[in-house]
Amino acid sequence: MWYDTMCSDDPNTVIIQTENVNNIHDLDLEAGTVMIEAGVTFLQLAEYLHERGASAGYTLVNWNITLAGCVAMGAHRSSIREDSMVAAGVLALDIIDGEGNLRHLERDDSDEWLAASTSLGLLGVIARMKFKIYPDFKVYADQKTLDEAEVFDGDIYGMIAPYATANFWWWPYKRKFHWRYYDVVENSINEQQGFQNTFSVTGVEAAAIKVLWNSGRWLATSNMLAEEILFGQWEAPNFREKTTNKAIDTWPVYGWNYDVLIGGLYPDQKPVWEYGLSGYTLELAFPVTQANAVLKRARELFDAELKKGLVMTSTYRSGINIKFGRPYYDLLGQVTYNTSDGADWSKGAIMFDFPSFKPTVGDGSRFNEPFYGTLEKALIEEFPCRPHWTKNTREVFQLAKKNLDPDHIARFKAIREKFDPNGVYRSVVGEIIGVY
């Protein structure tokens, strides 16, 4: 969680940690299944499978989070063509309910499964899962730089849907997008083994950008310079050759599924948070049929600040992340459909994921802090949208809960009461959306 929404405010709250319950067993490549326990992280599973000629397909996430946690909070990859919800890869799961019973669920169309598929952790602890796997495969990554108009006035669905996975990174000060797309290639097509840098930086880079962004608490020019620098870094492939650790400097990049789509840490670097680079974020999902309107509205809000003489930028190493999700039916997922809002979610969703640097100077507020509240309120009030369950503040959940289907909430609540009649498993999110 990015914010104080994971648990209840009750001072008697006990936090359950599962990292030592992390066995992986019963791999059956022919049947396409593997068993994983509660504490297995995505990185652990990916490396285990790759060593055995297998992969989890496209039900991938960033980064070192448990797969059970991914399922509970509705994590997803960016794809419209392929199943991208992590829960889509689950064939069966066992949950320790609020009375200590182990409940076994097989994938079906029951409300029990539809609630467990994005449970927010409120049904109990996911103790183990049977997960769908595939023979390992290679992919390519390619990237183009686009002017804003090419995206705002373009066929956004048509730019994303043809690929196994694709997304945009938006640089609002530069008025540019990076359009990244990936797809499968024959394993023998290229010997390159690209590995993507997801979150790692050097100490020198971290210190420099921290100084810039902290001064950007007061000076827009610092944020402008930072976006220029990071845009340039993201323009080049953020990949190295895994076998030599040397930088790859031309697109496209080729490599194994997990290494290219997710990657992780370069061996001589650390994740950004270990250098004290923390952030705020906002993530909202909208019907992809309204993608152009959502992005244009966000641009209008940026431009409204510019008219006041306030230049707003991205303060994140890869800009604003614009992701996409294939429709997947459950009760509380971001990409579910046939909901009471009347919007057309049948073609999938666009996710507006706006991380920003959390200053370590002053009161911790960002440059022109009121802008962020204006942006989130406008997008939530003016469009059908759903909040990401871990990347938003309590205020965003309060604003966005009106967009949730009351029938879905009622059905989820009924299953929650069945699994946990005494409300042992609680969170602020669950309290806000009214399932107690």
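Predicted model: local features only at pLDDT ≥ 70, side-chain atom pairs only at ≥ 80, totals over all residues.
1. Let's start at the end of helix α1: this helix is followed by G53, whose phi is positive, near 75°. Residues are numbered from 1 along each chain as its sequence is written, and side-chain values use heavy atoms, with hydrogens and water left out.

2. Which residues of α1 (42-51) are buried? They are F42, L43, L45, A46, Y48 and L49, where buried means under 20% relative accessible area, exposed over 50% and partly exposed in between (1.4 Å probe, protein chains only). An α-helix has 3.6 residues a turn, so residues three or four places apart point the same way. The partners of this buried set include β1 (24-28), β2 (33-37), β6 (125-132) and α8 (257-261).

3. F42 and L45 come up again in the largest nonpolar core. That core has 78 residues, and I36, F42, L45, L93, M129 and F131 touch the most other members. A second, separate core of 49 residues includes I156, W170, I350 and F371. A nonpolar core is a set of buried Ala, Val, Leu, Ile, Met, Phe, Trp, Tyr and Cys residues joined through side-chain atoms within 4.5 Å.

4. R103 is partly exposed, with a relative accessible area of 22%. Beyond four places in sequence, its contacts (heavy atoms within 4.5 Å) include L93, D97, E112 and K418. The side chains of R103 and D97 are joined by a polar contact of 2.7 Å. Such a contact is a pair of N or O atoms within 3.5 Å; within protein, one must be able to donate a hydrogen and the other to accept it, and residues adjacent in sequence count only if both atoms are side-chain atoms.

5. Is N197 buried or exposed? This residue lies in the loop between β11 (194-196) and β12 (200-201), and it is buried, with a relative accessible area of 8%. Its side chain reaches the backbone nitrogen of F199 at 3.4 Å.

6. On a 1 Å grid over the protein atoms alone, a cavity is a set of points where a 1.4 Å probe fits but cannot get out, while a pocket is an open set with protein on both sides within 12 Å along at least five of seven lines; lining residues have an atom within 4 Å of a point. The structure holds 3 cavities of 30 Å³ or more. The largest has a volume of about 100 Å³, and its lining includes W213, R366 and Y372. Grid points are joined across faces, edges and corners, and a volume is the space filled by probe spheres set on the points.

7. R366 and Y372 also belong to the second largest pocket, where they are among the residues nearest the centre, with E369, E376 and T393. This pocket has a volume of about 260 Å³, and α10 gives the most to its lining, with 5 residues.

Note on methods
Helix = DSSP H or I, 4+ residues; strand = E, 2+ residues; numbered from the N terminus.
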